[in-house]
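Please look over the sequence and the model below before reading on.

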Amino acid sequence: GKAKTDTKKGKVGGSKSSKKAGLTFPVGRTRSLLRAGRFAPRVAKGAPVYLAAVLEYLTAELLELAGNAARDNKKKRVTPRFLTLAIRNDEELNRLLAGVTIASGGVLPNIQQVLLKKKGKAVGASQEV
């Protein structure tokens, strides 16, 4: 095998535990944040790997939907507006992020049917008492 001559500066890719798990999200940082957060007195070996995998999956899912929303609007950059559109149009993400407000995200376009003009009827006829 090849001897380890890589220094910290020249290292490409994630940490050892992230690489071993096949993840992009940092497993080592997730572990240290779990410990620093005092969520439990002890943290199992697999816990940060699982959490990093879940976070990576959610991020990939959200970015894919937001990228599709950006492409639908003929834009190349994903903005907070496209994140909001992606979240609110997806049933599961909307349920997960129901109490979340995204800065500069706006709202879904929605006009109540009552406010729209009715076809074929005169406007004055609907005001009978």
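**A walk through the chain**

Arg-81 has its place in helix H4, where helices (H or I, at least four residues) and strands (E, at least two) are DSSP runs numbered from the N terminus. This is a predicted model, in which local features need pLDDT of at least 70 and side-chain atom pairs count only at pLDDT 80 or more, while totals for chains, interfaces and linings use all residues. Residues are numbered from 1 along each chain as its sequence is written, and side-chain values use heavy atoms, with hydrogens and water left out.

With a relative accessible area of 28%, Arg-81 is partly exposed; on this scale buried means under 20% relative accessible area, exposed means over 50%, and partly exposed lies in between, using a 1.4 Å probe and protein chains only. When residues up to four places away in sequence are not counted, Arg-81 touches Ser-104, Gly-105, Gly-106, Val-107, Leu-108 and Pro-109, a contact being heavy atoms within 4.5 Å. Arg-81 and Ala-69 are 12 residues apart in sequence, and their C-alpha atoms are 9.2 Å apart in space.

Thr-84 also has its place in helix H4, and the reason that Thr-84 counts as buried is its relative accessibility of 6%. Its contacts, leaving aside neighbours within four places in sequence, are with Ile-102, Gly-105 and Gly-106. Thr-84 is one of the buried residues in H4, which are Phe-82, Thr-84, Leu-85, Ala-86 and Ile-87. What covers these buried residues of H4 includes H3 and helix H5, residues 91-96.

Which residues make up the largest nonpolar core? A nonpolar core is a set of buried Ala, Val, Leu, Ile, Met, Phe, Trp, Tyr and Cys residues joined through side-chain atoms within 4.5 Å, and here the largest one has five residues, namely Leu-62, Ala-66, Ala-86, Ile-87 and Leu-93. Helix H3, spanning 46-72, and helix H4, spanning 80-89, each supply at least two residues of this core. In soluble globular proteins, nonpolar side chains tend to be buried together. Ile-87 touches Leu-62, Leu-93, Asn-94, Leu-97 and Ile-102, when residues up to four places away in sequence are not counted.

The largest share of the patch, four residues, comes from H3, whereas Leu-96 is found in helix H5 and counts as exposed at 55% relative accessibility.

The C-alpha atoms of Val-107 and Arg-88 are separated by 8.5 Å, although the two are 19 residues apart along the chain.

A polar atom of the Ser-18 side chain lies 2.9 Å from the backbone oxygen of Phe-25. Apart from neighbours within four places in sequence, Ser-18 is in contact with Leu-23, Phe-25, Pro-26 and Val-27.

Most residues other than glycine have a negative phi. Arg-38, however, has a positive phi of about 55 degrees although it is not a glycine; Arg-38 is found in the loop between helix H2 (27-36) and H3 and is exposed, with a relative accessible area of 71%. Lys-74 has a positive phi near 55 degrees, lies in the loop between H3 and H4, and is exposed with a relative accessible area of 76%.

Finally, the chain as a whole can be considered. Its secondary structure comes to five helices and zero strands, and 15% of its 129 residues count as buried. Among the contacts with a separation of 6 or more, residues 24 or more positions apart account for 32%.

Key:
A polar contact is a pair of N or O atoms within 3.5 Å; within protein, one must be able to donate a hydrogen and the other to accept it, and residues adjacent in sequence count only if both atoms are side-chain atoms.
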